[in-house]
Amino acid sequence: MDDFRLTCPIPIQQYPHVTLAHGGGGRLMHQLIEKMFASAFDVGKERERHDGATLDLPPGRAVVTTDSFVVRPLFFPGGDIGKLAVCGTVNDLIMCGARPLFLTAGFIIEEGLPMETLWAVVVSMQKAAEEADVRIVTGDTKVVDKGKGDGLFINTSGLGVVERNLSVGPSEVRPGDVILLNGDIARHGMAVMAVREGLAFESRIDSDCAPLAGAVFSMLDSGADIHCMRDCTRGGLASVLVEIAESSGCAIRIEERRISVRDDVRGACEILGFDPLYVANEGRFVTFVPRASSDRALAALRKHPLGREASIIGEVGARGTGLVTLTTSIGSSRIVDMLSGEQLPRIC
């Protein structure tokens, strides 16, 4: 009996092995980034949790970003891994206030992948690059043994330039800012999940995958003062808002009735037990603007096809707590936090 020890069978914070949840956009992914990569690469405390790194390169500023795509299945309603790779990387540049210019593309191909499948992905990437007005200028291919690559993985890096004298990021968020969302949420994750699980609904759910340059630059061209932008990909709207609240130190309040979720998407989420706030998007983003600029920014956003359903979903409160709270449709209030585990693996 002397050797008896009471130990928790499921350690909450420390994991001896990587889990799927470490790539899900929630609390574990952020712990992995902070404790493993950020500390090893000595990126410094002055960095921000943003979608790319802004570099001061004479005569101006450039933004560089990189991303990898492991979506399963490779093709889904509204997109595929190729379109996703282009749009995802382009959008990360745009969220930093940069105009995307160039992309790289790295392909990890599993032995046995049909050439027709690979060609369809390549053609889709080219079409998406043309739509986003970027060039794919260099790349790499690697082939792995059958059973080792799950068909196809793609890595893309992007380079863009900041053409305006502006700085957008969590550190620019201020108490009193208004939060804009450009459309309905949770479609991408549900589109992928429906195909993966062979689910059939009354109407087909298409991914919202799209390049966001037009919508963003319409706001910037309007003269609205933009403090921060972030696309709601892995971890969904909730995780993005929590990340910004923690980085800025400001409280954030959002209203459930102002957040649009299509009826078919909401129904799918209820059937599968998912919260739409945490489901990934690939064509949705939040914008933080001073209240004085909110009408101008909203009007400009609604003129673009990707912003017709844009709405104000909340506001920024005082500094100090860094908490996100949601006022529900019945008037109650609850704290919104990042998920610890993985709600939907392999959706981007």
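Which strand holds Phe102? Phe102 sits in strand 5 (residues 99–110). The legends below describe a predicted model, in which local features need pLDDT of at least 70, side-chain atom pairs count only at pLDDT 80 or more, and totals for chains, interfaces and linings use all residues. Residues are numbered from 1 along each chain as its sequence is written, and side-chain values use heavy atoms, with hydrogens and water left out.

**View 1. Overall fold.**
The protein has eight helices and 14 strands. Both are DSSP runs numbered from the N terminus: helices are H or I with at least four residues, strands are E with at least two. Of its 348 residues, 49% count as buried. Buried means under 20% relative accessible area, exposed means over 50%, and partly exposed lies in between (1.4 Å probe, protein chains only). The accessible surface comes to about 17,000 Å². Carbon and sulfur atoms hold 54% of that surface. Areas come from the Shrake-Rupley method with a 1.4 Å probe; for residues, only the protein chains shown count as cover. Among contacts with a separation of 6 or more, 84% join residues 24 or more positions apart. A contact means heavy atoms within 4.5 Å.

**View 2. The largest nonpolar core.**
This core has 97 residues. Leu152, Ile179, Met190, Leu237, Ile259, Val286 and Phe288 touch the most other members. Helix 2 (residues 81–95) gives the most to the core, with nine residues. A nonpolar core is a set of buried Ala, Val, Leu, Ile, Met, Phe, Trp, Tyr and Cys residues joined through side-chain atoms within 4.5 Å. Not counting residues up to four places away in sequence, Met190 touches Ile205, Val265, Ala268, Cys269, Leu272, Phe274, Val279 and Leu344.

**View 3. Ser294 in helix 8.**
Ser294 belongs to helix 8 (residues 291–302). Its relative accessible area is 4%, so Ser294 is buried. Val178, Leu180, Val289 and Ile312 touch Ser294, with residues up to four places away in sequence left out.

**View 4. Helix 6.**
Helix 6 (residues 236–248) has 13 residues, which should span 18 Å at 1.5 Å a residue. Its end C-alpha atoms are 19 Å apart, which agrees. The expected span is 1.5 Å times one less than the number of residues. Eleven of the 13 residues are buried, so helix 6 is mostly covered. Among the buried residues are Leu237, Val240, Leu241, Glu243 and Ile244. Gly249 follows the helix, with a positive phi near 80°.

**View 5. A nonpolar surface patch around Phe102.**
Val64, Leu101, Phe102, Val137 and Leu159 make a patch of about 340 Å². Patches use residues with over 30% relative accessible area and no salt bridge; like charges are joined within 9 Å, nonpolar side chains (Val, Leu, Ile, Met, Phe, Trp, Tyr) within 5 Å. Phe102 is partly exposed, at 32% relative accessibility.

**View 6. Salt bridges across the chain.**
The whole structure holds 16 salt bridges. Each is a side-chain nitrogen of Lys or Arg within 4 Å of a carboxyl oxygen of Asp or Glu. Glu163 pairs with Arg99, the closest N and O atoms being 2.8 Å apart. Glu163 is in the loop between strand 7 (152–162) and strand 8 (178–181), Arg99 is in strand 5, and 64 residues separate them. Both are partly exposed: Glu163 at 48%, Arg99 at 32%.

Asp221 and Arg164 meet at 2.1 Å, N to O. Asp221 lies in helix 5 (residues 213–221) and Arg164 in the loop between strand 7 and strand 8, so the bridge ties together parts 57 residues apart in sequence. Asp221 is exposed at 57%; Arg164 is partly exposed at 26%.

The side chains of Asp275 and Arg334 form a salt bridge at 3.4 Å, N to O. Asp275 lies in the loop between helix 7 (263–272) and strand 11 (285–289), Arg334 in strand 14 (residues 333–336), so parts 59 residues apart in sequence are tied together. Asp275 is partly exposed at 23%, as is Arg334 at 32%. Elsewhere, salt bridges that share partners join Asp184, Arg187, Asp208 and Arg284 into one network.

**View 7. Backbone exceptions.**
Most residues other than glycine have a negative phi, and most peptide bonds are trans. The peptide bond from Arg72 to Pro73 is cis, with omega near 10°. Pro73 lies in the loop between strand 2 (60–69) and strand 3 (75–76). Asp150 has a positive phi, near 55°, and is partly exposed at 38%. Ala186 has a positive phi near 80° and is buried at 0%.
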